[in-house]
Amino acid sequence: MKGGIDFDPGRYAPVAERITQFYGAFPSGRIVTELMSRSEGEVVFRASVYRDTGDASPAATGWAAERQGDGDINEVACLENTETSAIGRALANLGFTASRCRPSAEEMAKADRLRARNARQRLAMVREAPMSPKQSLYVADLFALISAAERAGMRRVRAANWREQLERPPTDEALLLRLEGRLRSWIARHPNRFAF
């Protein structure tokens, strides 16, 4: 699952565009990053944005955390990617989005990586259940549809209820197909809610 059902990188501005906007508005501004923690599996950065070099307090801050090896970029550049994400968040907090969507392209890619990892974990769990290969595929598709519905605005509690039901998936293929139809119908009724 490389790329979520609604992730269109063209809709989200890269952090570099936000940085250009910031320095265009505040030529004597500065961006300061700080590595807050680095463990074997995770990196955390904080970015502070100052409108002027003489400002004692930042105009905005942003935090980011990334997991080492979580997707292609974090396999080779987790530290750098985390720092960039923190800068993007700080600039967004100051009002620099460079697109109509608040998250940066880097943040959306991170969300996409997390969804893919979660889907792989759920698929592994489903594969352990005593089901036919066809039933396993139905259940894996249902998990992906629940994630899509959640991104479209489905309440987390409702999505959690769906997921809980699939942790002990029904073996009746007709029921699995009805569940899929219900989820697809819900998503179709909420087409304009895919923006974050």
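How many residues does the hairpin that joins strand 1 to strand 2 run through? The hairpin passes from strand 1 to strand 2 through three residues.

## Confidence of the model

This is a predicted model, and the protein chain has an average pLDDT of 75, with 68% of the residues scoring at least 70. Over residues 1–9 the pLDDT is below 50, although this stretch has 20 contacts in the model beyond near neighbours in sequence. Where pLDDT is low, the predicted coordinates should not be read in detail.

Three strands make up an open sheet in the order 1-2-3, with antiparallel pairing. Its edge strands are strand 1 and strand 3 (60–67), each of which pairs on one side only, and neighbouring strands of the sheet are turned by 20° against each other on average, direction ignored.

Strand 1 (residues 30–38) pairs with strand 2 (residues 42–50) in the antiparallel sense over eight bridges, and in this pairing Arg30 has Tyr50 of strand 2 as its bridge partner. Strand 2 is likewise joined to strand 3 by eight bridges, and these two strands also run antiparallel; here Phe45 stands opposite Ala64 in strand 3.

## Helices against the sheet

Helix 1 (residues 15–25) lies across strand 1 and strand 2, and runs at about 140° to strand 1. Helix 3 also packs on the sheet, where it touches strand 1, strand 2 and strand 3, and its direction makes about 150° with that of strand 3.

Cys78 belongs to helix 3 (residues 78–93). Is this residue, Cys78, buried or exposed? Cys78 counts as buried because its relative accessibility is 2%, which falls under the 20% cut-off for a buried residue. Leaving aside residues up to four places away in sequence, Cys78 touches Val43, Glu66, Arg67, Gln68 and Ile73. Cys78 and Gly41 are 37 residues apart in sequence, while their C-alpha atoms are 9.9 Å apart in space.

## Helix 6 and its buried side

Helix 6 (residues 156–167) has 12 residues and reaches 16 Å from its first C-alpha to its last, close to the 16 Å expected at 1.5 Å a residue. The buried residues of this helix are Ala159, Trp162, Arg163 and Leu166. These residues lie on the same side of helix 6, because they cover an arc of only 95° around the axis. An α-helix has 3.6 residues a turn, so residues three or four places apart point the same way.

Key: Residues numbered from 1 in each chain as written. Predicted model: local features only at pLDDT ≥ 70, side-chain atom pairs only at ≥ 80, totals over all residues. Heavy atoms only, no water. Helix = DSSP H or I, 4+ residues; strand = E, 2+ residues; numbered from the N terminus. Expected span 1.5 Å × (residues − 1). Buried < 20%, exposed > 50% of the residue type's maximum accessible area, 1.4 Å probe, protein only. Arc of directions from axis to C-beta. pLDDT = per-residue confidence, 0-100. Contact = heavy atoms within 4.5 Å. Pairing = 2+ DSSP bridges. Axes fitted to C-alpha atoms, helices over the stretch in contact; angles between N-to-C directions.
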